[in-house]
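Here's a quick look through one protein chain, a few spots at a time. Keep the viewer open as you read.

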Amino acid sequence: MQNGLCWHTAAKDLFMADVSGVSALSVYGVLDRLEPLRKGLVARDPAFKKELETFQARVKSIKSVEDLFKDYRVLKTILEAYGLETEIDKAGFVKNLLTGNPTDKKALIQRVNDPRYVELTADIRLYSGLNDLKSADFAKKVETRLKQIRTEKSLDEQSPGIRAAMRFKAEAARVKTAYDILGNPVLREVILTATGLPKAIAYQSVESQARVIESRVKISKFSDPAYVDKLAKQFLVNHDRVENAQNNLLLQLFNVGGLFA
């Protein structure tokens, strides 16, 4: 009976968590109920459990910082957990960042305005050895973060844009200046889209970009959940509008070719 109950629960969760074809704005409106369901599916996925077991086993065999950066699978898992999966091919740069002591004014981490790297450096503490990397606390952080990241990715595959909105909602309170936005690709995308600013502002100086952003949003209110929620929704409205326009254009192009004649 217990196995039957578990199967029924999993099947019900899968049905309720399927948001294929649903607009990102609509998904955002029910995240308080949807996110726990999707996260439960991720946690119960045998492949996910196996990946965590493999990660923990391989970490135990690491004897030096060099070993870590030679182990693609371990490094990839850590970077993905901190939202840095696109950095996997920059091993040398990542190593210089993570092995620098944040208290050293000459350390590379002091010159990188990216909260993801700052947080990972503080959690893994490679500059003081491998104790934190091998700790149960760090393993738990990786598991929790990876579960969240995979949940966001799975939702985004069905409703593009929702992951960026979720990341913005989670990280907005940490933003103190416009440079914090410019240094974070996700926050930058959300703010540019929400305010209707063109991506071409990237050709301006960083100082100019910061001034433009400061003129469009009230960074002092990023600690206000209602204000953050408003920006996230505006991002999704504009994002969905662009997505729909692109899809309509593609349909028109195909129709010109007589495919739907």
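Which backbone oxygen lies 3.4 Å from a polar atom of the side chain of H239? That would be the one belonging to P160. Bear in mind that this is a predicted model.

## Around H239

To find H239, go to helix α14, which spans residues 225-256. The residue counts as buried because its relative accessible area is 14%, and the cut-off for buried is under 20%.

So who are its neighbours? Leaving aside residues up to four places away in sequence, H239 touches P160, G161, E189 and T193.

## The loop at R125

Next, check out R125, in the loop between α8 (115-124) and α9 (136-158). Its phi is positive, at about 45 degrees, even though R125 isn't a glycine.

## The largest pocket

The largest pocket has a volume of about 710 Å³. Helices α8, α9, α10 (162-171) and α12 (185-195) are the elements that each give two or more residues to its lining.

In total, 34 residues line this pocket, and Y82, G83, R116, R167 and V186 lie nearest its centre. Sorted by class, the lining has 13 charged, twelve nonpolar and nine polar residues.

Definitions and conventions: Residues are numbered from 1 along each chain as its sequence is written. This is a predicted model: local features need pLDDT of at least 70, side-chain atom pairs count only at pLDDT 80 or more; totals for chains, interfaces and linings use all residues. Side-chain values use heavy atoms; hydrogens and water are left out. Helices (H or I, at least four residues) and strands (E, at least two) are DSSP runs, numbered from the N terminus. Buried means under 20% relative accessible area, exposed over 50%, partly exposed in between (1.4 Å probe, protein chains only). A polar contact is a pair of N or O atoms within 3.5 Å; within protein, one must be able to donate a hydrogen and the other to accept it, and residues adjacent in sequence count only if both atoms are side-chain atoms. Contact means heavy atoms within 4.5 Å. On a 1 Å grid over the protein atoms alone, a cavity is a set of points where a 1.4 Å probe fits but cannot get out, and a pocket is an open set with protein on both sides within 12 Å along at least five of seven lines; lining residues have an atom within 4 Å of a point. Grid points are joined across faces, edges and corners, and a volume is the space filled by probe spheres set on the points. Ala, Val, Leu, Ile, Met, Phe, Trp, Tyr, Cys and Pro count as nonpolar, Asp, Glu, Lys and Arg as charged, and the others, Gly among them, as polar.
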